[in-house]
Amino acid sequence: MSAPSGSAQPLSQKALRQLVSDLAGKIDRLEQEVEQLRLDNSNLRLENQALRDEIARLKHLPPRPPFKPSGMDKATQARPAGSGWRPGRGAKRDRVTREVTISVEVPPGSRFKGYKSVVRRDLVLVAEVVRYKRERWLTPEGQTLIAPLPAGITGGFGPGVRRFCLALHMQGQVTTERLTDLLNGIGLSISKREVVRLLTSDLELFEQEDRAILQAGLTASPYLTVDDTGARHARRPAVTTQIGGERFCVFRTSRSKSRLNFLSLLRGGCEDYVVNEAALNYLRRQPVEAAVIARLTKLQGRVFSSQMEWWQHLLQCSINIFDRPLLQTLDEAATWGALRHHGLMENTVVVSDDAGQFRVATHALCWVHAERHLQKLMPASPKQAQAVELVREAIWCFYRGLKLWKQSPAPGWGEGLPAAVRQDLWSAHGLQGARRVAGPPGAA
């Protein structure tokens with residue numbers, strides 16, 4: 001019996017195998033095409049990002065988000081033996097201010113076995129009100145003499161109150177209203193106006209101490225760490241600059257972040273301008289005409305007490321003070337000459353984040369910013385990626401070794417280093433030399 005016309009004919013076993021084979025081949029070709037499209041898409045994304053970065057650079061647009069902070073400093077921290085160690089735990093002991101011996105009744109025949117010590121930490125805030133009875137004397141000449149008050153008393157409040165208000169307001173960012181409520185809650189009767197006076201009046205001693213700290217740091221410190229950040233002051237944009245060393249740190253807020261401003265901050269409150277050999281050498285390294293330097297050479301050894309006096313002598317030397325780039329360079333040179341005139345920054349290394357305004361004296365990059373240049377590299381092959389990682393590991397190992405050597409310096413360490421590098425390491429007790437060695441990736 002024949003099959004009805006128009007009905008589907010069943011495929012033979014050979015034709016079915018051929019159909020499955022063709023479908024499998026098409027699937028393989030589609031997978032290859034999808035993989036090629038993924039690769040092309042990835043390449044297009046990289047090319048697009050590169051074009052965006054180039055456009056942003058040409059248009060002076062903000063750069064891409066910065067790299068995450070380097071973990072090199074924390075990763076190279078020396079850890080003592082023991083699994084339960086945590087950073088900062090047990091590193092500082094409280095000073096015992098009072099010792100109390102507690103007795104216990106024991107039965108006869110007991111033997112004394114020493115003491116079991118327990119340290120109690122407590123905080124006592126008590127308002128102390130002292131009445132000073134100042135003697136008054138009348139001299140035979142009719143003059144009245146009154147015994148002076150102890151030093152530190154301002155408006156009827158002692159130095160402890162002022163120290164408490166300054167610490168909470170400046171370091172803890174506590175408002176004057178909350179300070180007033182806190183002091184009254186402790187038992188000290190004070191008004192908000194008095195709190196404001198304690199915070200804002202008679203600050204000359206603090207300013208003198210601050211200037212003395214900066215001057216001592218610039219004189220004795222082998223290196224300076226500097227950085228700046230944007231800040232608002234008196235409802236206007238400003239810049240706060242940090243200048244610090246191993247034993248000091250100061251902050252200065254100004255309107256500019258130029259190199260001239262940085263040099264002015266390093267003067268430590270002085271306002272003079274000096275033309276000496278240091279100032280002339282500074283000018284010779286700048287794009288300044290030789291004729292201008294020759295005219296200033298006639299002023300060598302002169303000290304100018306103010307900016308106006310300095311500018312007047314520049315006019316007398318036929319120098320155009322209305323040329324702002326030239327005037328700024330001359331001011332920088334005279335300010336640098338004043339620094340050297342006062343004995344500051346003689347052998348000091350300035351460690352910064354590679355900002356242009358900090359490139360004065362002997363300049364170096366800190367370890368974090370020196371190592372960051374390696375993070376910006378984009379290896380094109382696994383071999384290059386392995387090479388970059390190898391260099392990073394070498395820097396981390398060297399940095400870890402320097403930190404350990406700083407804790408316990410040994411004369412035999414670093415025999416394989418050049419003599420100049422070893423001398424730098426010893427002169428700065430490890431830290432200065434470490435940062436100077438780290439300079440080649442991007443330091444001047």
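## Cysteines

Cysteine 317 is buried, because its relative accessibility of 16% falls under the 20% limit. Cysteine 249 is partly exposed, at 42% relative accessibility.

The structure is a predicted model. A disulfide is a covalent bond between the sulfur atoms of two cysteines. The count of disulfides here is zero. The rule asks for a pair of cysteine sulfur atoms within 2.5 Å.

## Overall make-up

The protein has 444 residues, and 28% of them count as buried. Its secondary structure comprises 15 helices and nine strands.

## Helix H11

Helix H11 covers residues 324-341. Its 18 residues should span 26 Å at 1.5 Å a residue. The end C-alpha atoms of H11 lie 25 Å apart, which agrees with that expectation.

H11 is largely enclosed by the rest of the structure, because 13 of its 18 residues are buried. Just after the helix comes glycine 343, with a positive phi of about 80 degrees.

## Threonine 335

Threonine 335 is part of helix H11. Its relative accessible area is 0%, so threonine 335 is buried.

What does threonine 335 contact, leaving aside its neighbours within four places in sequence? The partners are Leu260, Leu263, Ser264, Arg267 and Tyr273.

## Packing of H8 on H11

Helix H8 spans residues 277-284. The axes of H8 and H11 come within 7 Å. They cross at roughly 145 degrees, and the crossing is right-handed.

On the H8 side, the contact is made by Ala278, Ala279, Tyr282 and Leu283. On the H11 side, the residues are Thr329, Leu330, Glu332, Ala333, Ala334, Trp336, Gly337 and Arg340. By class, the contact has eight nonpolar, two polar and two charged residues.

An α-helix has 3.6 residues a turn, so residues three or four places apart point the same way.

Note on methods. Residues numbered from 1 in each chain as written. Predicted model: local features only at pLDDT ≥ 70, side-chain atom pairs only at ≥ 80, totals over all residues. Heavy atoms only, no water. Buried < 20%, exposed > 50% of the residue type's maximum accessible area, 1.4 Å probe, protein only. Axes fitted to C-alpha atoms, helices over the stretch in contact; angles between N-to-C directions. Helix = DSSP H or I, 4+ residues; strand = E, 2+ residues; numbered from the N terminus. Left-handed = near helix turned anticlockwise from the far one by under 90°. Contact = heavy atoms within 4.5 Å. Nonpolar A, V, L, I, M, F, W, Y, C, P; charged D, E, K, R; others polar. Expected span 1.5 Å × (residues − 1).
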